[in-house]
Amino acid sequence: MSHNDRQMNGQHRPNSILDQLELPPARKGTQRLARLRTAWRKSWEEGGFLHQRWEEILQARHAGWHEIAVWIKTAGLLAGLSLIVMMVDAAGDIASATLAGLSDVQATDAGDGSGLWGTVDHPIRAFLADQAAHLTVAPAALYAFWQLAGLLGLIGGFFGNAGARIAWTLWGLASLAMIWSAAPAGGRAAATGLAALMWALASVFALRGLTLRPIVHNHPPQFMPQFNPELHLHATLPAPSPAGDDFDDNVHPLQR
């Protein structure tokens, strides 16, 4: 036997390249990737983790709140809270930029108060400028806040927001009070009346759909209790006596 021959399972075979070169072991990264692929396929099979989660998502579209999976509820609540935080942050930035832009307009830039709008706007500017002298706020900031409050009340009231409509009502009453206080004595009534008419016309949009009539819903009840009077008589009948007992009772004692 040649020294290059090797014995395998009791048999001899000639030497070959496969005997001389040993295959390198598989890399750990390749084995790990293969395991991940296998786990991914199994998770999407029926009864797998991802397959069950996907079924719960599909069922959530037609199920009620109490029937939705807990993890979907939690994810929805977290997403909603995150969206609210983002909206509040964006609203704060927008409000700050709006106030900064409105503050650039001086509160006393009403000129001599000529024109319809000047007749209404000039007393408000003058009132806010006079009050700001006793406060730690600039007159322009007070006037900008007054404008922003009225704008938000008008837009929010148009879309039916109850809080915005209350703010719009208070804003209009406060504006009338400021105009009455700061308008010239000779034209105070006219300026206040003109402002009231403008406020009423704007309220057509701010209080759209609002009615003072009570809404009565006449819907028949879904369940009507039925009352069926019934008379039940309970009578107790005596138990029948045996035939022998009746015969003995009818026989005279002397005949026995």
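Predicted model: local features only at pLDDT ≥ 70, side-chain atom pairs only at ≥ 80, totals over all residues.
Residues are numbered from 1 along each chain as its sequence is written, and side-chain values use heavy atoms, without hydrogens or water. Local features need pLDDT of at least 70, side-chain atom pairs count only at pLDDT 80 or more, and totals for chains, interfaces and linings use all residues.

Helices here are DSSP runs (H or I, at least four residues), numbered from the N terminus. Helix α6 (residues 139-158) and helix α8 (residues 188-206) have axes, lines fitted to C-alpha atoms over the stretch in contact, that come within 7 Å and cross at roughly 45°. In the contact (heavy atoms within 4.5 Å), Gly153, Leu154, Gly157 and Phe158 of α6 meet Ala202, Phe205 and Ala206 of α8.

Phenylalanine 158 also carries a charge over its ring: the charged end of arginine 208 sits 4.5 Å from the ring centre (the criterion is NZ of Lys or CZ of Arg within 6 Å of the centre and within 35 degrees of the ring normal). Arginine 188 likewise lies over the face of tryptophan 180, at 5.6 Å from the ring centre.

Tryptophan 40 and tryptophan 44 both lie in helix α2 (residues 28-44), 4 residues apart, about one turn of the helix. Tryptophan 40 is exposed, at 53% relative accessible area, whereas tryptophan 44 is partly exposed, at 38% (buried is under 20%, exposed over 50%, partly exposed in between, with a 1.4 Å probe and protein chains only).

Methods. Axes fitted to C-alpha atoms, helices over the stretch in contact; angles between N-to-C directions. Helix = DSSP H or I, 4+ residues; strand = E, 2+ residues; numbered from the N terminus.
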